[in-house]
Structures are given as C-alpha cells and as structure tokens.
Amino acid sequence: MSPTAGSNGTATAAAKPSAKPKLAIFGAASCGGCDVAIINIHEHIVDVAGAFDIVLWPTVMDGKYSDIEAMADGEITVTLVSGSMRTSETVHLARLLRRKSQIMVSFGSCASEGCIPGLANLTSRKQIIDTAFSTSSTDNPENLRPVWECEVPEGVLHLPEFEPVLRTLDQVVDVDYTIPGCPPESNQIWAALEAVVKALNGTGPLPPKGSVLGAGDSTVCDECARKRDVKKIDQFVRIQQVAGFDPEICLLEQGLPCNGPATRNGCGALCPAVSAPCIGCYGAAEGVVDYGARLMSAYASVVQAIKPEEIDKVLDGIPDPVGQFYRFSLAGSLLHSSRSAWQDDGE
Amino acid sequence: MTERIGVYVCHCGSNIAGVVDVAELARWAAETLRDRGVVIARDYKFMCSSPGQELVTDDIKNLGLNRIVVAACSPHLHENTFRTATARGGLNPYLCELVSIREQDSWVHTDKAAATAKAKAILAGGVERVRRSEPMQPIKVDINPATLVVGGGIAGISATLEIADAGFKVYLVEKDPSIGGHMAQFDKTFPTLDCAACILTPKMVAAGTHPNVELLTWSEVEKVEGYVGNFTVTVRKKARYVDEDLCNGCGVCQEKCPWKVLDEVFEAGMGRRKVIYTPFDQAVPRIPVIDRPNCPYFKKGTCRACEKFCDANAIDFTQEDQILTLEVGNIIIATGYDLFDARRIPQYGYGRLPNVFTSLEFERLCSAAGPTNGNIVLRDGKTAPKTVGIVHCVGSRDKNYNGYCSAICCMQSLKFAHLVKERTDAEVTNFYIDMRTPGKGYEEFYERVLEEGGHFVRGKVAEITDAARLPGEEGKLIIQVEDTLAGKQRRIPMDMVILSAGLEPRAGAKELATQFGLSCSFDGWAIEKHPKLDPVATMTEGVFIAGCVSGPKDIPASVAQGAAAAARVLGRIQQKQMSLEPIKATVHAEHCSGCRICNTMCPYNAISFLEADGVSFINAAMCQGCGTCVAACPAGAISGTGFSDEQVLAQIEGLLRVGADGERPRRSAFPVARGEAIEEAVLA
Amino acid sequence: MSAQAPVAPAPAEGAAPARTFEPVIIGFTCNWCSYRAADLAGTARTKYPPNVRLIRLMCSGRLDPTFVLKAFSEGADAVLVSGCHPGECHYLEQNYKALRRFKLLQRTIEALGIEPGRLQLVWASAAEGVRLANEIARVTEEVRALGPLNWPVGNVVDIDGVNLEAAWEATGGDAGGPPETSDCVDPEPTPEAAR
C-alpha cells in the first residue's frame, strides 16, 4: 500500500521487493535530543522496528550514505529529518533523502523552524567561526580557521561548508509533514508514527500533505490548567525578579512573558505547570505565517499604557525581543535572520 | 478555482491618462499578469460611465470572469458603482476591487514614468488581493422605528418635532430640568430681533405635549449598546423629588420656598433661584426639581415648606433615580456648546473686574424675565452705563485658546450694540477684527447698526483694566487696543464691557463621543461623515449629529441640521431594513485556546468569553469590522472578512513585484555555501 | 529579465549621481483618517514623491506586525504606518494598540539590523492631506539616505508558495547549489544590487 504523498513524481522503487516499508531517520545539525525522544517511546520502538525496515539512523545504527545513494528514487517510504540545514552536508543529505523518499517529515523544532541553532542567524558566519575558534577560552594561538576546500598531495579535500545562513528543512526541500517540538513529546511521536503506520496499512487515513502531526489544533493555553482572565499588562517581569508566582493564575497576567498563547499545543503545557513560562518550542499555531509577529501583536495589544513614554517603560521589561519572540522560530520566520548574517558574510 | 480576472484601467479623461500611461498599464496587465489570472485588460475613458460599467458587466457574462479589478479613482467614490456593475454581471459584488491610481498616483505625482510604474504596482497589488477575495453578502438589519434625541436645545427640538410629526416615537433626553437649551437664555435673536422665548416656546410646548414624544428631562444617557437599528440605551432619570404624575405645575412650591441660591446655569450667575425650581417660567415640563445639595431638608431634615404648601401632594423626598432602558433604531446627538470661559484670559479681567460681562450674562441682563427685568445696568444692579464696549473674538480666532471662528459672535455683538442703543443712551463701541455677517439679512443688520451710530474700532483688545493712568479714567474700565485703521494705540474708558466669548464643545464632549461611538476632533467637536456633503451623519451608522455639537453655528443652521438629521432617520425608518457591509471578525473556536487576549480589544464589547466552552466569541451584529482583534490573536484564530490576512499579504506581494522603474525588481538571494557536494571518500 | 538601466537624466548640478536610489516604501493607512487624508492630498493636487505605495485597512488597529515583516521580506526599503490621531480613532481606541505594536516592532527589527528609520509612524486626520504629503516626502528622503534594504529572497518560492528549489530537485537536478531562478540574480549580493 503506497501513499501518494511526496513530490518527486517518480515511480515507486521496484529494485528490491521488501516486505516492510523503509524508514530513514536522519539528524542533520541536531543535538540528538530528537533521536532520544524517539527512543523514549519505550517499548513502542519494537512496534516501529516491526513495522518498518530502518535503513538509516546514524545515532543508533551503522549505515552509509552510499547505501542511500544506491537506492532507487522513492524507495524509502518515510524519512524523518531532525536538525537544521547548517552545513552543505546537511543540505546535500536533505536533498538526497528527499529524492529517495516518498514521505519526508520535518521532525522537531530545528528542522521545522530552526530552533535554538537558528539564533546563529543573528550574527555573520565569520563572527561565529571567530568566536568558536578564537575566543578567550579557546587555545588557538595561530588563529587557525576551517578551510572548506584544500589541496593535499592526494587530491582536493572538502569539509562540509558552514552555510552562511541556517535554513529550515522546508527552505531546502519540499516537506510533506511536520512534527513540532524541542523535542517532540514522546507520546506525540508515537501517536504520529502510529498514524503513519495505519495509513500505510490502509487502516487509517493519510493526513493531507502539509499537515502538522503530533500536535494539537490550538495553542498551549488550551492545555494549561491555570485560570485565565482578561489580560491587562502593566509591566513585564523577568522570572528572577519575582519571589514567587501564583500557581493558579495565568503567568502572563502576572507579568511573566509566556509564549503559550502563540505556541501550538500538544506538549501538555508542562512548563507553565511548574511556573516556567512557555518559551515556544512547539512552534506556531495553525496557519500562522510568522510566530514572532503573533506574539508581538498579542503582547503589545494587552499592554495598558497609552502614552509613548509609558509604553516604552513597559516594553523595557522585554529587554531581548528577538530572544523572546523568535527563540525557536527565527530561521523559519519571515525575515529568517538578522541583517548581519547575510550582509556581512564576507567579513 | 481558476482565476479569470478582468482588469479595467480608467483614463478619467486626462485626470489619470494625462500622467499615467493607461494603455501601457492595460497592456502590461494583460501580458505580465497573465500568469496571475488576468484574462482581459482594457482601458477606457470613463469607467464610471454607463458604457464603462457595461464593459465590466458584459465581460463577466461573455468571458466568464470571476474577479474584477478596476484601476481608477478612490474607493470612497466609486467602489459601490463598480460593485453594483459586477453584481449586474452575475458575479458577487465583493469580488470586485477598485484601486486608486488617481488620488493616490496621477493627481499627486508629476514624473510620468514613475507614476506609471507606481500604477503597475498598485494594479498588481489589487490583482493579488482580489485573488484572495471571498464572495460575501451584505448583512441586513431591522430598523427599530423609535428614535433617541439627546439634547433639548433648538436643534434637538427641531429634529424631535420632524420625526414625531411624521408619526414615529421619539425619546428626547435633556440633562437640564427643562428643554430649551441656550436659546431660551437669549433675549432677542439676530437679525430679525425676534424675541427668543416667543419663537422658541411654541416649539418647546409642541415637543412637550406631542403624543409621539416622551420627554425625559433631568436625565442623562449612561450607556449605549448595540448597533444601527437596534440600540439599547440606558438612561438615568434623576430624581426631581416631585411626583410627575401628581404635579400640575402651579408653581406654589417655588413661591413658598424660603431658600435662594445663585443660578449659575440659566441665569449665568446673574440671578438667583429657589432651591425647588423650574429654570425659567416657560419651562417645559413645568415640573420643578429640588436642588438636593442645597436643600435644607436633605442637609439637615428641616423646612419641607414645599411639601406643606403643595395641594397636589406631589413632593416626594423619597424619590430615587430611575434607570430606564430604551430600545431605539437611530440616535441624534444635539448637545450644543459651552461658552468659552473668559477667566482664561486674565488680562480681560472677567471675574475680577465686576463690570466685565460675558455674552450670556448680558443676554440675561437684556431679558425682560431676567434678573434686572431687562434693564441694562452695571453689576450693582442699578447704575446705567454711559459707555459700553463690546469685545469680539474672546477666546476665538486666537492661537492661544481656540483657533477657529465661533461664527455667531459678530452678529451677537452687533445685536448687543443695537440693544444698548435702544434701551440706554450709552455710547457703544465694538472692538472687532473682521465683521463676519454672511447670513440672510446679516449684512443689512450690520448696516442698520452702523447707521444707529455705534463706534467701531478694528483691533484686538490687548487689555481691560481698572488701573487709571490718564485723567478721566478713574473708576472706569479702560480698554487698551491698537486701532489698526487709525494706526495707533488707544486707551478707551468704559463703564461696561461685554466679552463676546466664543463657543466651545461641551465639557464631557469626548466622553459623550466615546459613549456613542462618535469621533471627535482634537478640540472636542463631533466629526461629521463628510464636511461638505454629509454634515449630519457620523462615521457610526445610526448616530447623527445636529446643531453646535459639531461646531459653532447660528440658529437657522441648527434648525436645518436638526431637520436634516430627522429626515435621514425617517428615511431609515421608512425602509424598515438596512444593509451593512459584511466586514466582520469571527473566532474559529477549534483553534481558540481561550487565552482571552482578544477580550479587551473591542471598544464595542462585541467579544465575550464563553466559560463553558473555554473559547472567546464575537457577536457579529456588534462587530464594527475594525480588525484589531484579528491582528491581536496570538493563535491566528480570528479571521476578518473583507480585510483578511490572505488578502493583505497578497496585496503586499503584488505591490512589491514592480520596482520603482516599472520593472521586476532585482532581488538577491540569501548567500549559500558554494558547492554543496561532499567528497564521497570522506563519508563512505 | 531585468531591464537595462533607464536612461539617466543629465544631473542638474555637477556632483549628483547619475542614478538616484528610489526607495520603495509600503504604507498602511486607515480607511477613516489617513487614507482619506491621502485622498484629500490627491483632490488638492498636492505633489509628493511616488515612492510610497499605500494599503488601505479599516483601522490602524488591523495592522498585524506580520504585514510589516512581510513587506520587508518582500523587498520594501521601508514601511510607513499611519492612522487617526490618538484620541480620535474612528473605532475609539484602536490606534493605541497600533502604537504599542509599532513600538515593539521597532525594537525587534532594530535587533535584527533594520534601522528604526525604516519603520515610521505618522498620525493624520482626514483633513490633513497636505501634512500627510509632507510627511511622505520627509520619510522618502530619510529612507533614501539610508539606502536600499534589499532583504534577500527567502525560500526561493514563487508567489503562490511553491518551493521552486524543491520542484527543481524533484526533476532530478544535480547535487550542486540552489538553482538560479528568475527571482534572484546573485547568490552573493553585490553592494549596489538595487537601483
């Protein structure tokens, strides 16, 4: 039973008839947390291994890129790609896997919206490399820098080149589904995988292309147990400024900038439950074009001040707006990066 | 849906075609925007003409168009014209977009190439927007035939009588104990010198006794909810402590009341009234009011004279304010003006120098029913002045106070000059900047006053002082003025000075405006829908304005506006139903998390929170379509018709697809790593 | 695809550059005040530079920061936000929300390297046609002095959101870098990329 999703348009593989559909799990520029989250589905991992022939999962088992290159187009039924498009290697693998897969899933926040590594887009590539290689805590007396291409007696060597601007998966290939989260909650991962298995078996519907799986249709407030009232904000506080927060009342109402109202639900509102404000790891709500814009609009709308000086005073309570509104979503936002990332690339 | 878009570029004679290359614009649209769905692009001399509109109608029918873009004048002029033409062609009118390349382009730019480039961008923006337009139906609302008129001055009374005479119910709410407004305070009216009370009181009585009029005096509007055709207004009918059903207006209570206080409202502080009082003898209704803060019964539990002498047993000290809820279809605001407080000009001495009077104080002096029985005397109540100065433009035409002209003060000052001449043998001098006498009979009145022998000094008065410097000035008020026609400074001693103070919006005008959903200008005058063509309507459907609430004007203008507002209301009542633009916001409950951020976004209280479902909800009938909640929702769970996210974002894309030079702009791409291929050997 | 340089008019004074940078500015207006002010400027034939392209919203309160960011990301050099004066909003108080959103947006875009002068706020009542025209002229000159922003094209998608790179990939293109599409010219932007 082969699904019709996937944009490559070429015929399904006939090279090696396989009883089980093939699954590839690839971490691009990834912290590995998404892989851990998958393993964290506990015994369900057996169900996954039973349902699929896992052809690539570098974190967990040996596998070679050449195996993938040797496959026919569309031979892999489902590929989960976590991690962001940080280097030319990750971009290349994403494109390779796209060609070889019928369904490509953007797995986790890095792939879907850039996540924390996306904040590297606030500086130029040169500055990032300089900081990594010559900061006061680095022992690099000769100021060596990585060279992407160098000639050696044996030939020309290439390093995967650090892309000037970090990209999300869907900025590099066409993506069929997205599973958000940093990492996606394991129960949601299993729910999504189960749905895919059912669809492949024909016992369940295949979600429409472009769907977000493993998450809700609303935002974190929907799952948050705190009591909500109308919002009238007189000041924003930082979590370390206040001795304790009322455990029953909405955190935003207490002045703590909580991104819950704009963040997709599905995580169970775990952070607000312990008085930690939602920082937005599950990404934007359905149909939202720019996550940060939604938060900016919402917060500014409920600030009570009307005089410019008073408004400024309240907004001073958010000293790092990009960090607050785009912590996970910068690479996937409308502007994608700050100006220095693309303008100062050569410097 | 496959878009089949028709583009129509109007020449508007040479208004557009003289600057924008309209033929090129149409050709460009047909060619470059073909991949965006444009199947036909025409240019025509006058799109708003019948043949122009027929182009649209016929093309829809013959070419199966499903979207229309007209590039012409402002949507405020002809959006309806083209939407109607679209509807005649069988297409939903809301699938037609009118973009302005006239007011926004050909009329404001001189560089033809740049103007044509901009027109391309505007057109592209319109095409992208219309691709995302959705068919909509106007919303029909029923019109409640009852009307609320707020303010019982001459404008409000005019409006009330027109509507009531036409057979429909009017609630006339007035905050003072009697209707009549400022006009009731005047002695004579210019230019006819009709006695104000004589021409006003028949109308007051007519309003007070009309079977279709419910008079609610000593009452104020507290809250307005709802929308055109269906307003719910909460009115507080303050306690008079007199039972209206029992009182027969005999006036004995007033006679017998032993307590007097200064009457600062009707008598402008020139006279006194009783604590139980009607503001003036011809008050409508004739039912008195007890001034509670000054009444000894309420202060100490004593007196009760009124109760003792009332044959009808109408005094009721236990009476309480009543809260009434009125259901009306339309509202006319006619709340009038306040006089500029002349104390704000300390160099004119009002409030400090006893014989400096304001215009309203002088009206009361002149009035036969006033505190001096119509005798023009000084503040001591007996001395007749020998010299009177009348100062124009006090607080008007003055950038330190109000920049505007108060329209009536020149005529009022001439009237005062005439009355002084008529009733005393004083010498009168008018101190003016210009003589503004535009109305019917006004210039003739000026001629008449000139001939009666008054003095006229053209110059803005610098100071009015009692500090004598020269012989003959002791005990007098000295007006220091530059006589611009004589070309010198003058000091002119006067016995009495009258300040023609300007007109200002009522204190509390801005709060009133907020209450009724009116717009007010920065200085507080209500804003009409169009200053030339729609002076009695406001931007809020169902709320009209008449009289001085929108700016200084004379009595004929106020009466005309009252009648005009009434005519508009009667037109609505006749039609029984009205169509509203379907620009509304909706909460998509399945995406709403109940964060309640939108709950404080709506000044019309259209957004509520449904506790049981945990989602917010927008009452479409009350939604005015501003879209603020659509922008505020952090989940993107609120959508707005007519100005949806998709439409605006598409319009932005379209506007930017054309560079400043009319070509597709050069855009750079984000830098990427060169050569994303990887050495196989390293990875294998 | 892109046209050759327009014939430059001879500079009036010696030092003027042959081709002046013409900023493209997106302006958001509200139906009741600032759009009517723009109409009034038109009726009065007041002249101002042609660099601003206006979008009509019902109210400045409709202004979603997404619109501003979209304008920058689509190539606008600046964005102008306008509405009724505070206290005079046709919908009573919505322009205060617009003011607050504007301020927060300004802080955010500044942190992303966009000069605050590229996002400007002008209040104009329906009667202030001349004033709005003057403000537009002022903003145009200020943005001209800042130079082009030329924010790069993002996903290499066409206007309907079709990812052109992926579409190209799917046809089996080689493993090299992203294709040159008609939308972009240089992968490495040259300093005077915009006119």
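What share of the contacts in chain B with a separation of 6 or more comes from residues 24 or more positions apart? The share is 68%. This structure is a predicted model. The briefing starts with chain B, moves to chain C, and then takes the two interfaces that chain C makes. One of them joins 69 residues of chain B to 70 residues of chain C. The other joins 41 residues of chain C to 42 residues of chain A.

**Chain B as a whole**

- Chain B has 684 residues, and 59% of them are buried.
- Its secondary structure comes to 18 helices and 34 strands.
- Along the principal axes, the C-alpha atoms of chain B fill a box of roughly 115 × 70 × 65 Å.
- Chain B exposes about 27,500 Å². Carbon and sulfur atoms supply 50% of that area.

**Chain C as a whole**

- Chain C has 195 residues, of which 57% are buried.
- Five helices and four strands make up its secondary structure.
- Along the sequence they follow the pattern β-α-β-α-β-α-β-α-α.
- Take the contacts in chain C between residues at least 6 apart in sequence: 75% of these join residues at least 24 apart.

**A buried serine in chain C**

- C:S34 sits in helix α1 of chain C, which covers residues 34-43.
- Is C:S34 buried or exposed? It counts as buried because its relative accessibility is 0%, and the cut-off for buried is under 20%.
- A polar atom of the C:S34 side chain lies 2.9 Å from the backbone nitrogen of C:C30.
- Leaving out residues up to four places away in sequence, C:S34 touches C:T29, C:S82, C:G83, C:A124 and C:L132.

**Helix α2 of chain C**

- Why is α2(C) described as largely enclosed by the rest of the structure? Nine of its nine residues are buried, so the helix is largely enclosed.
- The buried residues run from C:P65 through C:T66, C:F67, C:V68, C:L69, C:K70, C:A71 and C:F72 to C:S73.
- C:G75 follows α2(C) and has a positive phi, near 115 degrees.

- About 6,400 Å² is buried between chain B and chain C. Carbon and sulfur atoms give 57% of this area.
- On the chain B side, B:H76, B:R666 and B:R667 lose the most area to chain C. Together they account for 13% of what that side buries.
- The interface holds three salt bridges. B:E79 forms a salt bridge with C:R56, and the closest N and O atoms are 3.2 Å apart.
- There are also 23 residue pairs in polar contact across the interface of chain B and chain C.
- Several helices of chain B each supply at least two residues to this side, including α3 (75-88), α5 (112-131) and α17 (645-655).
- Which element gives the most to the side of chain B that touches chain C? It is α17(B), with seven residues.
- The residues on this side of chain B divide into 31 nonpolar, 21 polar and 17 charged.

**A closer look at α17(B)**

- Helix α17(B) is mostly covered, with nine of its 11 residues buried.
- Among the buried ones are B:V648, B:L649, B:I652 and B:L655.
- The cover comes from both chains. It includes α5 of chain B, along with β1 (25-30), β2 (52-57) and α2 (65-73) of chain C.

**Where chain C meets chain A**

- Chain C and chain A bury about 3,600 Å² between them, and 61% of that is on carbon and sulfur atoms.
- How many salt bridges are there between chain C and chain A? The count is five.
- In one salt bridge, the side chains of C:K103 and A:D312 meet at 3.1 Å, N to O.
- Polar contacts link 16 residue pairs across the interface of chain C and chain A.
- On the chain C side, the elements giving two or more residues are α2, α3 (94-111) and α5 (164-170).
- Helix α3(C) gives the largest share, 11 residues.
- By class, this side of chain C has 18 nonpolar, 12 polar and 11 charged residues.

Note on methods
Residues numbered from 1 in each chain as written. Chains lettered and ligands numbered in written order. Predicted model: local features only at pLDDT ≥ 70, side-chain atom pairs only at ≥ 80, totals over all residues. Heavy atoms only, no water. Contact = heavy atoms within 4.5 Å. Buried area = accessible area lost by both parts, 1.4 Å probe. Salt bridge = Lys/Arg side-chain N within 4 Å of Asp/Glu carboxyl O. Polar contact = N/O pair within 3.5 Å; in protein donor to acceptor, adjacent residues only side chain to side chain. Nonpolar A, V, L, I, M, F, W, Y, C, P; charged D, E, K, R; others polar. Buried < 20%, exposed > 50% of the residue type's maximum accessible area, 1.4 Å probe, protein only. Areas by Shrake-Rupley, 256 points an atom, 1.4 Å probe, with all protein chains shown as cover.
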